[in-house]
Amino acid sequence: MRIIKYVDIMSAKNEGRKKIIISPGIMVSPYARETARSFGIDIVEYSRNKREEKNMRKLFIAGNWKMNKTNSDTVKLLSDLKPRVSDAGEVDIMVAPPYTSLTLAAEILSGSNIMLGAQNMHHEESGAYTGEITADMLTEAGCSWVIIGHSERRKYFGCTDELVNKKLKKALQKGLNPIVCVGEQLEDREGGNTFEVLRRQVTKGLEGITDLVTIAYEPVWAIGTGKTASPEQADDAHKFIRELLADIYSPEDAEKIRILYGGSVKPGNVAELMAKENVDGGLIGGASLVAETFSQVVKF
Ligand code: 13P
């Protein structure tokens with residue numbers, strides 16, 4: 001259980017924030033509440049029900065397990081997760097375990113409200129590509145989603161915008177729902193090049209694509225670092241991405257597309273991120289590896 005403490009109020013004050021948004025399950029220490037009041041900082045509760053009231057795009061919370069969990073871990077995690085989120089109405093939930101656990105995960109998740117995705121795929125139909133996986137293999141294993149162009153694929157495995165585009169075309173052709181990841185490095189942000197990088201990644205990645213796809217904005221400096229983009233930084237980037245999507249598709253279609261935020265999302269910060277108009281869900285790494293924390297993120 002996360003508790004908002006004095007230090008959280010002080011960091012909000014130092015960041016010049018006048019409002020802290022928390023989900024109803026989060027506790028606030030009496031001293032923190034008093035300190036917030038003395039600085040004129042409002043502590044506001046926000047839950048996923050508020051999104052429904054405002055008719056926002058349907059929330060989508062996806063867990064990217066990355067290179068974690070053996071088959072026996074997968075059984076434990078998913079058996080624990082399923083009952084925790086079975087009553088999470090109005091949220092699309094997806095998990096992306098490693099390839100080796102996909103078939104097993106599909107069996108466990110059958111009939112549940114948790115969808116299955118993969119973390120990557122190859123763009124060719126089949127062939128001599130040692131160590132790679134095709135779209136058909138994923139659909140047959142039970143996947144309906146695939147993550148494409150994650151920054152770790154771009155950084156460590158040479159995934160380029162051109163490859164993202166090829167993978168995307170193949171995924172769509174095979175009926176998989178892609179989540180296309182974009183996001184700037186720290187030096188891009190510090191050099192004022194965030195929007196330029198996003199423009200390149202989105203326009204090149206989506207070149208020639210007419211189907212609507214889900215996007216994940218994951219600032220690389222916020223992944224696994226504990227440093228989250230502020231809700232305002234996330235919303236600005238998402239708004240910019242939506243403008244790019246309006247040019248690529250149409251303004252009406254851009255309004256339908258869900259843009260997820262990824263980078264150190266946790267039970268303690270999910271509410272303030274999801275309260276933003278252009279943030280339609282989260283792609284969760286570390287916090288998706290424990291059933292309790294992932295379910296708290298899903299049901300903020
Ligand atoms: P963390 O939530 O661990 O920062 O990872 C984010 C991510 O890369 C999800 O794809």
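Reader: How many residues of domain 1 are in contact with residues of domain 2?
Author: Six residues of domain 1 are in contact with seven of domain 2, where contact means that the C-beta atoms, placed from the backbone, lie within 7 Å. This is a predicted model, in which local features need pLDDT of at least 70, side-chain atom pairs count only at pLDDT 80 or more, and totals for chains, interfaces and linings use all residues. Residues are numbered from 1 along each chain as its sequence is written.

Reader: What is the make-up of the side of domain 1 that touches domain 2?
Author: That side of domain 1 has three nonpolar residues, two polar and one charged. Here Ala, Val, Leu, Ile, Met, Phe, Trp, Tyr, Cys and Pro count as nonpolar, Asp, Glu, Lys and Arg as charged, and the others, Gly among them, as polar.

Reader: And where do the domains run in the protein chain?
Author: Domain 1 covers 1–45 and domain 2 covers 48–298, with bounds from an automatic or database domain assignment. Their C-alpha centres lie 29 Å apart.

Reader: Turning to helix 5, which of its residues are buried?
Author: In helix 5 (residues 102–109), Leu-102, Ala-105 and Leu-109 are buried, that is, 20 or more other C-beta atoms lie within 10 Å of their own, with C-beta atoms placed from the backbone. Helices (H or I, at least four residues) and strands (E, at least two) are DSSP runs, numbered from the N terminus.

Reader: Why are they on the same side of helix 5?
Author: Because they cover an arc of only 60° around the axis, taken from the directions from the helix axis to the C-beta atoms.

Reader: What do they pack against?
Author: The buried residues of helix 5 pack against helix 4 (71–85), strand 6 (91–96), strand 7 (114–118) and helix 6 (135–141).

Methods
Two residues are in contact if their C-beta atoms, placed from the backbone, lie within 7 Å. A residue is buried if 20 or more other C-beta atoms lie within 10 Å of its own, exposed if 12 or fewer, and partly exposed in between; C-beta atoms are placed from the backbone.
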